[in-house]
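Here is a short briefing on one protein chain, written for reading beside the model. Keep the sequence and the 3D view open as you go through the points.

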Amino acid sequence: MEDVLSPFTLSAYRSFPGTAEQCREVRLWARALVRDFHDVADAVEVVASEFFSNALRHTASGRPDGEVDVGLVGLAAGVLHLEVIDQGQAITRAESRPLDPMRPGGCGLALAGALSHGWGRVPAEADPCCGVHTPTPDDYTGPMVTWAHFHTKIRR
């Protein structure tokens, strides 16, 4: 029997309760998984935390009994894919705004854009990993995937 080389170097998925206290757990979980990818580990941790916090603040995931799903996939080609899946029914629309030093908050998605190779938000029914992005209707209230890609030089 021949050995088949897997295109995946990392594949992990976990559901977290939708509470602010869990943001630390998301960071620790992500950090533990990507510690071998030291060139992007800090960035993945920060962006995972930001996406999780946004899911709590802006979607049904932050309501009592809410949940947030987080996934990390490492590809042998040197790309780490992070996704955070909320429970939909958006309270406010996620968008990157121009930075304003006089306004508290609102910098997280700009930070995610600066730390990752790219990020986006698509309905959970779309497939963000394959580059096929379905336009999001303004009235869509279902679960959303907020994703980011990180390019790494580390190959496991």
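Leu-115 is found in helix H3, which covers residues 108-115. The model is a predicted one.

**Surface patch**

- Leu-115 counts as partly exposed, because its relative accessibility is 35%.
- Leu-115 forms a nonpolar surface patch with Val-46 and Leu-111.
- Together, the three residues of the patch have about 210 Å² of accessible area.

**Strand S5 and its partners**

- Strand S5 spans residues 144-151 and is mostly covered. Of its 8 residues, 7 are buried.
- S5 pairs with strand S3 (residues 79-85) through 7 bridges. These two strands run antiparallel.
- S5 also pairs with strand S4 (residues 118-123), here through 6 bridges. This pairing is antiparallel too.

- Val-79 is placed in strand S3. It stands opposite His-151 in S5.
- Val-79 and Phe-150 are 71 residues apart in sequence. In space, their C-alpha atoms are 5.6 Å apart.
- Leaving out residues up to four places away in sequence, Val-79 touches Val-73, Gly-74, His-149, Phe-150, His-151 and Thr-152.

- Strand S2 spans residues 67-75 and is mostly covered, with 7 of its 9 residues buried.
- S2 pairs with S3 in the antiparallel sense, over 7 bridges.
- Val-70 has Val-84 in S3 as its bridge partner.
- The hairpin of S2 and S3 has 3 residues between the strands. Gly-78 in this hairpin takes a positive phi near 95°.

**His-81**

- The side chain of His-81 makes a polar contact of 2.9 Å with the side chain of Glu-83.

**Salt bridges**

- How many salt bridges are there? The count comes to 4.
- Arg-24 and Glu-25 meet through their side chains in a salt bridge of 3.5 Å, N to O. Arg-24 is partly exposed at 47% relative accessible area. Glu-25 also counts as partly exposed, at 28%.
- Glu-45 and Arg-31 meet in a salt bridge of 2.7 Å, N to O. This pair links distant parts of the chain, with Glu-45 in helix H2 and Arg-31 in helix H1 (residues 22-34), 14 residues apart.
- Glu-45 is buried, because its relative accessible area is 18% and buried means under 20%.
- Asp-86 and Arg-121 form a salt bridge of 2.6 Å, N to O. This pair also links distant parts of the chain: Asp-86 sits in the loop between S3 and H3, Arg-121 in strand S4, and they are 35 residues apart.
- Asp-86 counts as buried at 5% relative accessibility, whereas Arg-121 counts as partly exposed at 22%.
- Salt bridges with shared partners join Arg-31, Asp-42 and Glu-45 into one network.

- Asp-65 is found in the loop between helix H2 (41-58) and S2.
- Most residues other than glycine have a negative phi.
- Asp-65 is exposed, because its relative accessible area is 80% and the cut-off for exposed is over 50%.

Notes: Residues numbered from 1 in each chain as written. Predicted model: local features only at pLDDT ≥ 70, side-chain atom pairs only at ≥ 80, totals over all residues. Heavy atoms only, no water. Buried < 20%, exposed > 50% of the residue type's maximum accessible area, 1.4 Å probe, protein only. Helix = DSSP H or I, 4+ residues; strand = E, 2+ residues; numbered from the N terminus. Pairing = 2+ DSSP bridges. Polar contact = N/O pair within 3.5 Å; in protein donor to acceptor, adjacent residues only side chain to side chain. Patch = residues over 30% accessible without salt bridge, like charges linked within 9 Å, V, L, I, M, F, W, Y side chains within 5 Å. Areas by Shrake-Rupley, 256 points an atom, 1.4 Å probe, with all protein chains shown as cover. Contact = heavy atoms within 4.5 Å.
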